[in-house]
Amino acid sequence: MEIRVGGDFELSIEQLVEAPKSLFENFLPMHLNYIWTDIGRSAILLALMDIEKKPSKKVVHLPTYICDAVKQPFKERNYEIKYYSLGKTLNNQSHLPLVQDGEVFLFAHYFGHQNKLVIDWLNSLSNRNFFIIEDYVQSSLSSFRNNISDYEIFSFRKFTPQIDGALLVSKNPIEAELEQPNKTFLENQLKGKIIRNWTDKSEYFIDELKNSEASLNNKVTTKSISSISKYIMERLDFTFIKNKRVENWRYLFSELEKYRFFDRKVLPLFSLLAKDEVPLGFAVQIKENRDNLRLFLIEKNIFCPVHWPLSFLLNEEDEQLSNSVLTIPIDQRLGMREIDYIVECLKQYYGG
């Protein structure tokens with residue numbers, strides 16, 4: 001059977017008909033205020049609507065290294081966006097902003113790893129009178145929590161085959177009326193994921209998935225999580241998912257280290273995985289010709305996403321980061337066989 005690594009999550013009929021492993025209520029945060037939404041943008045929008053009920057300013061500080069989807073709710077609510085940089089390795093504190101009272105500061109935990117740089121900086125501030133939004137989207141399965149923010153955003157679509165499902169956790173209760181999920185989006189996603197399970201020929205499922213994702217770029221509205229995603233979540237083994245991702249990350253790291261890739265032109269963005277961290281992927285910086293390597297891997301059926309092509313660059317370091325990062329898949333569908341295949345393909349590319 002031909003090896004395929006990465007790409008959209010498939011959804012099997014077996015997953016849909018098996019008995020639940022957990023009740024949906026078990027996914028709810030304990031002793032916290034929360035609202036389930038369809039996607040992360042809806043959760044951010046809810047946070048902004050709550051902030052605007054309080055003495056606040058429509059000014060937000062965003063990291064330059066962030067996906068455009070995060071910016072969308074702020075633009076739609078007419079916020080002035082001020083960018084700050086964390087440098088080419090996401091650990092440079094020299095560009096952290098001066099945030100005024102009543103403004104909004106958003107930061108992200110990247111690739112499943114805790115953003116300790118920003119956490120330490122926030123803890124060092126003696127007087128914080130601004131609103132903090134903590135983006136856990138890439139770290140939604142990690143267990144670290146900081147109790148430092150007013151709002152926390154989670155999303156599980158990048159980790160599992162569920163169709164939608166994001167979570168807003170807030171320091172204080174939020175009252176909100178949510179719209180019903182977009183039926184066309186749900187139907188296209190469901191069809192695409194089921195077809196994806198039956199065939200590797202992308203022409204049969206890619207349009208369904210792409211068109212449904214494109215529909216999310218319309219105006220953001222506050223929608224609830226769908227019942228089908230609740231149903232799927234109940235049938236997922238999250239303990240296995242977390243453990244397998246950690247196992248795959250550590251095995252890939254050891255193999256790349258063993259074959260001295262880190263001495264060449266493939267550098268890990270993170271060299272450690274803490275006990276409370278569950279990786280989204282194995283993020284590396286490619287010193288030369290990142291896009292050439294990515295195309296080579298696609299030809300080998302290895303699909304490595306790029307997080308992210310940036311629409312705004314603050315300095316050269318942001319450009320270096322955006323143009324060099326590649327996310328190697330280590331998700332729960334993979335085992336040692338697939339990880340070994342990734343390493344062999346990298347050997348072929350680098351001639352070693």
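Helix H5 gives the most to the lining of the second largest pocket, with three residues. Helices here are DSSP runs of H or I with at least four residues, strands are runs of E with at least two, and both are numbered from the N terminus. A pocket is an open set of points on a 1 Å grid over the protein atoms alone, where a 1.4 Å probe fits and protein lies on both sides within 12 Å along at least five of seven lines; lining residues have an atom within 4 Å of a point. The structure is a predicted model, in which local features need pLDDT of at least 70 and side-chain atom pairs count only at pLDDT 80 or more, while totals for chains, interfaces and linings use all residues. Residues are numbered from 1 along each chain as its sequence is written, and side-chain values use heavy atoms, leaving out hydrogens and water.

The lining of this second largest pocket comprises 27 residues, and Glu10, Asn197, Gln332, Arg333 and Leu334 lie nearest its centre. Two or more lining residues come from each of helix H5 (183-198), helix H8 (238-258) and helix H11 (336-350).

Turning to the strands, E10 (residues 282-286) is mostly covered, with five of its five residues buried, where buried means under 20% relative accessible area (1.4 Å probe, protein chains only). In a regular strand the side chains alternate between the two faces of the sheet. From E10, Phe282, Val284 and Ile286 point one way, whereas Ala283 and Gln285 point the other way. Strand E9 (residues 266-268) pairs with E10 in the antiparallel sense over three bridges, and leucine 267 stands opposite glutamine 285. Two strands count as paired if DSSP finds at least two bridges between them. E10 is also joined by four bridges to strand E12 (residues 325-328), again antiparallel, with valine 284 opposite leucine 326.

What is the order of the strands in the open sheet of seven? The order is E2-E8-E7-E6-E5-E3-E4, with mixed pairing. Strand E2 (33-37) and strand E4 (80-84) stand at the edges with a single partner strand each, so one side of each has no neighbour in the sheet. Within this sheet, two bridges join strand E3 (residues 59-63) to strand E5 (residues 104-108) in parallel, and histidine 61 has phenylalanine 105 as its bridge partner in E5.

Notes:
Buried < 20%, exposed > 50% of the residue type's maximum accessible area, 1.4 Å probe, protein only.
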